[in-house]
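Please walk through the following structure from its domains to its sheets. The sequence and the coordinates come first, and the explanation comes after them.

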2 protein chains.
Amino acid sequence: MNETEQTPKIAILGAGLIGVAWAALFQHHGADVCVWDPEPDALAATAGRMNAPMAQLFEVAPDAGPRGTLTLCETLAEAVTGADLIQENAPEAIALKHALYADVEPLMAPDAVLASSTSALTWSDLRPGLKDPARLITAHPFNPPHLVPLVEIYGTDPDRIARAEAIYRAADRVPVRLKKDATGHIANRLASALWREAVFMVQDGIADVEAIDAALVNGPGLRWSVLGAHMAYHLGGGTGGMAGYLAHLGPSQERRWAALGAPSLTQDVQDALVAGVMREAAGREVAELETVRDKALIAALRARKDAPQV
Amino acid sequence: MNETEQTPKIAILGAGLIGVAWAALFQHHGADVCVWDPEPDALAATAGRMNAPMAQLFEVAPDAGPRGTLTLCETLAEAVTGADLIQENAPEAIALKHALYADVEPLMAPDAVLASSTSALTWSDLRPGLKDPARLITAHPFNPPHLVPLVEIYGTDPDRIARAEAIYRAADRVPVRLKKDATGHIANRLASALWREAVFMVQDGIADVEAIDAALVNGPGLRWSVLGAHMAYHLGGGTGGMAGYLAHLGPSQERRWAALGAPSLTQDVQDALVAGVMREAAGREVAELETVRDKALIAALRARKDAPQV
């Protein structure tokens, strides 16, 4: 934490998978963290459930400096009072979040930021929950949040956005700003577009599920971990860059877009997807696959420190 | 080279960017490589242009064993005669490739494989070039071919496909098989689908070019470098896996597909894309960006050795 002048206080609302990951991330990077959950059992389990992400964070960022404090708060007021950033991780139900915001808003410091981790909802969906919507931003992490650096941000108050971004950056995140409220933010729109074609290729018989995944991981996925899609076409244009690419291959790209598929998740397609991932999993349970994923993510993150992305 | 019983002989036809990368890859991994190009200047420049990829390959795979030989062949016959695999990297023009194949076919060993690196064309486009199309496979690498492991394969002769795959695997590649001939193979279909939405977000004003690239590289791109898109939804379904995901979130995914954009590369959009990548490049020339990309790819590939992908 070296971008803010004093130790920030972060309130984590909701101690599910995402909330616990945020709590570990912020504490590891020196912030003082207060976790609140309406379920006493979830709250009591928080410290234990933070052990695994804390250990992973030590592998990714062993030099993060002294940890912050962790406080498990039995009341919302205790968590929110004095917090610089309130990261909300409630279930994805509009009415529930509106009700929570009605309780949070009177407790917030005047210039504090209420940041929703929402994936499925938008800022516009959530803003009716506040008297002063400028206090609200959406700040969507990508799973698992303590490992994948992206935080996608939308809000209307530039000062609050800038202060939230500084807090996320100090916790080794990469905040990315939307100019306009959009369902799926940026990353899930990209993921959804890619998966549509991946499902189409299964439906159309072009390739098996596991072949498509292997192609992605050993081809464009690897490349997109080091440079973006726009930048890839800039490099694909040679010395002419993006302008050269568009002049020579823009029309063929538009024809390719027109030829992309529009699959339906029929029962047959669903069966093929399930059978495919089961072949790919090769007997490994979801928890084991997550462990492999996390180890690979940690290794990839460590590699970035010596050789940064484009 | 430990999957084949004796040192394979590889003919590389065309000493452009892709051909040179293939030559370096195969030689580094112990194969005997013969390079032919119809342009004497290109042929003469080959050994010098292989220096950079050879040095990179030594960083990625320092333990690959003794290098194979490199022969610069002034005639097609010298390169093709006795070759196990003939990797064709001619310009993407059907008539030109057909004419080349007519010259190659009589020189090939009976069970040799003619593998086209074609990106834009399909096996069906190329097959009329041969009397015996079973000799032909498409074997599309992903740029840069000596670093990105993917090779996408389509053909009709299972024996030849299996022999080609063994040669690619021995050169540390990951061959992936298509079940059906398809424009864009697998990876460029995925890349095209993703870029369509990336361009739409620029056109629609949702986010800037550089924000979209940063979101991809620090979010889904990083994750797709360790697990595939199908597998990601399997893990997103929790203990229910892909079946659970589809049951609970399949309908919302179909709604999201319906809401994805269909952009056009109008002059305004082209201008925004060019301006965006120029901001992102921040004064760095394409060659410098490629150097950064390659260093990051090498670091990512080294990280995979200790922590393999899902």
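The paragraphs below take up the domains, the pairing of the chains, and then the sheet in each chain.

The model is predicted. Chain A is split into domain 1, covering 9–177, and domain 2, covering 187–306. Between the C-alpha centres of domain 1 of chain A and domain 2 of chain A there are 30 Å. Where these parts meet, 10 residues of domain 1 of chain A are in contact with seven residues of domain 2 of chain A. On the domain 1 side, two elements of chain A give two or more residues each, namely helix H3 (51–60) and strand E7 (150–155). H3(A) supplies the largest share of that side, three residues. Sorted by class, the side of domain 1 of chain A that touches domain 2 of chain A has six nonpolar, two polar and two charged residues.

The next contact is between chains. Here 94 residues of chain B are in contact with 95 residues of chain A. Which helix gives the largest share of the side of chain B that touches chain A? That share, 14 residues, comes from helix H14 of chain B, residues 286–306. The class count for the side of chain B that touches chain A is 57 nonpolar, 19 polar and 18 charged residues.

In general, two copies of a chain are related by a rotation about an axis and a shift along it. Chain B is superposed on chain A by a rotation of 180 degrees with 0.0 Å of shift along the axis, at an RMSD of 0.0 Å. The two copies are therefore related as by a two-fold rotation axis. Both copies use the same surface, since 100% of the contact residues of chain B recur in chain A.

Now to the sheet in chain B. The sheet is open, has eight strands in the order E3-E2-E1-E4-E5-E6-E7-E8, and shows mixed pairing. Strand E3 (70–73) and strand E8 (174–177) of chain B are at the edges with a single partner strand each, so one side of each has no neighbour in the sheet. From one strand to the next, the twist averages 25 degrees. Strand E2 (residues 32–36) of chain B runs parallel to E3(B), and four bridges join them. In this pair, Val33(B) stands opposite Leu70(B) of E3(B). Helix H2 (residues 40–49) of chain B packs on the sheet and touches E2 and E3 of chain B, with its direction at about 165 degrees to that of E3(B). Helix H7 (residues 158–170) of chain B also packs on the sheet, and among the strands of chain B that H7 touches are E4 (85–88) and E8. The direction of H7 makes about 170 degrees with that of E7(B).

The sheet in chain A is likewise described by strand order. This open sheet of eight strands runs E3-E2-E1-E4-E5-E6-E7-E8 with mixed pairing. Within the sheet, strand E5 (residues 113–116) and strand E6 (residues 136–141) of chain A pair in the parallel sense over three bridges. Leu114(A) is opposite Leu136(A) in E6(A). Helix H1 (residues 17–28) of chain A lies across several strands, including E1 (9–13) and E6 of chain A, and runs at about 165 degrees to E2(A). Helix H5 (residues 94–104) of chain A packs on the sheet, where H5 touches E1, E4 and E5 of chain A, and its direction makes about 165 degrees with that of E5(A).

Key: Residues numbered from 1 in each chain as written. Chains lettered and ligands numbered in written order. Predicted model: local features only at pLDDT ≥ 70, side-chain atom pairs only at ≥ 80, totals over all residues. Domains from an automatic or database assignment. Contact = placed C-beta atoms within 7 Å. Nonpolar A, V, L, I, M, F, W, Y, C, P; charged D, E, K, R; others polar. Least-squares fit on C-alpha atoms with pLDDT ≥ 70 in both. Pairing = 2+ DSSP bridges. Axes fitted to C-alpha atoms, helices over the stretch in contact; angles between N-to-C directions.
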